[in-house]
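I opened this model to see how its parts pack together. My notes follow in the order in which I looked things up.

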Amino acid sequence: MGPAAPPPLRLPGPVPVPGIRGWRVPGAPGHIALLCRSHIASLCRSPAASRKGHAVIMSELEKAMIAIIDAFHQYSGKEGDKHKLKKSELKELINNELTHFLGEIKDQETVDKVMEALDSDGDAECDFQEFVAFIAMVTAACHEFFEHE
C-alpha cells in the first residue's frame with residue numbers, strides 16, 4: 001500500500017464531499033471542487049500530464065497559487081506544527097521571500113506587530129488562512145501602489 005495522500009487544502013467552511021478527491025465550497029459558483037494538494041502538485045510537475053486525453057497546462061495564476069502554498073510549507077513546521085508559522089518562521093519567510101515588497105525585518109518588535117495583526121485566532125502562530133489573508137493584503141497594497149505610478 002502506498003503512502004497516504006496529504007490532507008486536502010483547508011478553506012474557511014469547507015465541506016467534505018464523499019466520492020470526490022477534494023472539497024466543495026458552499027456558495028461558490030457551481031460549488032467549485034478543489035483538488036487535493038498532491039494532485040495539483042503533480043499537475044505542476046508535469047504540465048503536459050494527460051487528463052481524459054487533453055493536455056493540462058496550468059495558468060500563471062494557478063502556478064502563483066501553488067507557489068504561495070509551497071512557500072508557506074517551505075517555512076512552516078521547522079520549529080513545531082507543520083501547518084503553522086511561528087514568529088521566527090514568519091520572519092524568515094518575509095525576509096527571504098518578500099524583501100522587495102516589505103523590506104527586511106530586523107527587530108523583534110516588528111515581527112511581534114506583524115504576527116499580532118495576522119493572528120486572528122490568538123494562538124501566537126500564523127496558519128495558512130491567516131497567511132493567505134496577509135498575502136492578499138500585501139498584494140492589494142502593491143496593486144494600489146502600482147496603479148498610482
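**Entry 1: an aromatic cluster**

I call a residue buried under 20% relative accessible area, exposed over 50% and partly exposed in between, with a 1.4 Å probe and protein chains only. Phe131 counts as buried at 1% relative accessibility.

Phe72 and Phe131 make a tilted aromatic pair, 5.3 Å centre to centre, with 45 degrees between the planes. Phe72 sits in helix H2 (residues 60-75) and Phe131 in helix H6, so the pair ties together parts 59 residues apart in sequence. My pairing rule takes rings of Phe, Tyr and Trp (its six-membered ring) with centres within 6.5 Å; planes under 30 degrees apart are stacked, over 60 edge-to-face, and the rest tilted.

Phe131 has a further partner. Phe128 and Phe131 also form a tilted pair, at 6.4 Å centre to centre and 45 degrees between the planes. Both lie in helix H6, 3 residues apart, about one turn of the helix. Phe128 is buried, with a relative accessible area of 17%. I note Phe72, Phe128 and Phe131 as one aromatic cluster. By the pairing rule, the count comes to 4 aromatic pairs.

**Entry 2: ground rules and overview**

I wrote down the basis of the values before going on. This is a predicted model, where local features need pLDDT of at least 70, side-chain atom pairs count only at pLDDT 80 or more, and totals for chains, interfaces and linings use all residues. Residues are numbered from 1 along each chain as its sequence is written, and side-chain values use heavy atoms, leaving out hydrogens and water.

I listed the elements next. The protein has 6 helices and 7 strands. From the N terminus they run β-β-β-α-β-β-α-β-α-α-α-β-α. Helices (H or I, at least four residues) and strands (E, at least two) are DSSP runs, numbered from the N terminus.

I also took the totals. Of the 149 residues, 28% count as buried. The protein exposes about 10,000 Å², and carbon and sulfur atoms supply 60% of that. The areas come from the Shrake-Rupley method with a 1.4 Å probe; for residues, only the protein chains shown count as cover. Among contacts between residues at least 6 apart in sequence, 33% join residues at least 24 apart. Contact here means heavy atoms within 4.5 Å.

Which residues of helix H5 are buried? I found Val111, Met115 and Leu118 in this helix, residues 108-118. They cover an arc of only 65 degrees around the axis, which puts them on the same side of H5. I took the arc from the directions between the helix axis and the C-beta atoms. On the other side, Lys113, Glu116 and Ala117 are exposed.

What do the buried residues of H5 pack against? I noted strand S6 (84-85), helix H3 (87-97), strand S7 (126-127) and helix H6 (128-147).

I checked the record for this region. The UniProt annotation "domain: EF-hand", from an unreviewed entry, covers residues 106-141. UniProt positions are given in the numbering used here, feature names are shortened, and annotations may be inferred rather than shown by experiment. In the model, the span is 69% helix and 6% strand, and its end C-alpha atoms lie 21 Å apart.

I looked up Lys84 in strand S6. Leaving aside neighbours within four places in sequence, its contacts include Phe72, Glu89, Cys126 and Asp127. Lys84 and Gln129 are 45 residues apart in sequence and 9.7 Å apart in space, C-alpha to C-alpha.

Lys82 is in the loop between H2 and S6. I read it as exposed, with a relative accessible area of 55%. Lys82 touches His73, Ser76 and Gly77, not counting residues up to four places away in sequence.

Ala124 is in the loop between H5 and S7. I found a positive phi of about 65 degrees there, although Ala124 is not a glycine. Ala124 is partly exposed, at 46% relative accessible area.

How many disulfides are there? I count 0, taking a disulfide as a pair of cysteine sulfur atoms within 2.5 Å. Cys126 is buried at 0% relative accessible area, and Cys142 counts as buried at 14%.
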